[in-house]
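I opened this notebook to record what I looked up in the structure, entry by entry.

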Amino acid sequence: MTELAPCPICQSPYTYELEDLLVCPECGHEWKAAEETKVEEGFVVKDSNGNILVDGDTVVTIKNLPVKGTSQSIKAGTKVKNIRLVDSDHNIDCKIEGFGAMALKSEFVKKA
């Protein structure tokens, strides 16, 4: 019996084969066995839907985000253009119209 690779999303060791796919029972992620050999190297940032973000992308906020030091919040659906990725807790640096320079978490945005 060959040992299957763990899930690339949640690292679960309980993956199984379903036709030509590998399936993770814990998170439900499915991928082709051929993709298993691809290794993402370097710093990778993904949005709330799992899409890979790169510098210069445009994203949209998916929920209202409170801004420290002010009573205003960034509304859901706000389009943020020309993002810059950084390796920190808030991994998106950007400028938002009406707010100025901001740092956002990628889990609260989706690629536009």
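**Entry 1. Pocket lining**

I looked up which element gives the largest share of the lining of the second largest pocket, and found that strand 12 does, with three residues. The model is a predicted one. I noted that strand 7 (65–66) and strand 12 are the elements that give two or more residues to this lining. I then listed the lining residues: K63, L65, P66, V67, K68, I74, H90, M102, A103, L104, K105 and F108. By class, the lining of the second largest pocket divides into eight nonpolar residues, one polar and three charged. I recorded a volume of about 280 Å³ for this pocket.

**Entry 2. The sheet that holds strand 12**

I followed strand 12 into its sheet. Three strands form an open sheet in the order 10-11-12, with antiparallel pairing. Strand 10 (84–85) and strand 12 (100–104) each have a single partner strand and stand at the edges, so one side of each has no neighbour in the sheet.

I took the two pairings in turn. Strand 10 pairs with strand 11 (residues 92–96) in the antiparallel sense, over two bridges, and the two strands form a hairpin with six residues between them. Strand 11 and strand 12 also run antiparallel, joined by five bridges. In this second pairing, I96 stands opposite G100 of strand 12. The hairpin of strand 11 and strand 12 has three residues between the strands, and there G98 takes a positive phi near 90°.

**Entry 3. The faces of strand 11**

T58 lies in the loop between strand 5 and strand 6, and I recorded T58 as partly exposed, at 27% relative accessibility.

**Entry 4. Other salt bridges**

I recorded a count of four salt bridges. Side chains of opposite charge can pair when their charged atoms come close.

One of them joins the side chains of D57 and K111, at 3.5 Å from N to O. D57 lies in the loop between strand 5 (52–53) and strand 6 (59–61), and K111 in strand 13 (residues 109–111), so this pair ties together parts that are 54 residues apart in sequence. Is D57 buried or exposed? I found D57 to be buried, because its relative accessibility of 12% falls under the 20% cut-off. K111 is partly exposed, with a relative accessible area of 35%.

Another joins the side chains of D20 and K32, at 3.9 Å from N to O. D20 lies in the loop between strand 1 (16–18) and strand 2 (21–23), and K32 in strand 3 (residues 30–32); the pair is twelve residues apart and links distant parts of the chain. I noted K32 as partly exposed, at 43% relative accessibility.

How much of the chain over residues 3–31 is helix, and how much is strand? I read 0% helix and 28% strand, with the end C-alpha atoms 16 Å apart.

Notes. Residues numbered from 1 in each chain as written. Predicted model: local features only at pLDDT ≥ 70, side-chain atom pairs only at ≥ 80, totals over all residues. Heavy atoms only, no water. Helix = DSSP H or I, 4+ residues; strand = E, 2+ residues; numbered from the N terminus. Pairing = 2+ DSSP bridges. 1 Å grid on protein atoms, 1.4 Å probe; cavity = no way out; pocket = protein on both sides within 12 Å on 5 of 7 lines; lining within 4 Å. Points joined across faces, edges and corners; volume = space filled by probe spheres on them. Nonpolar A, V, L, I, M, F, W, Y, C, P; charged D, E, K, R; others polar. Buried < 20%, exposed > 50% of the residue type's maximum accessible area, 1.4 Å probe, protein only.
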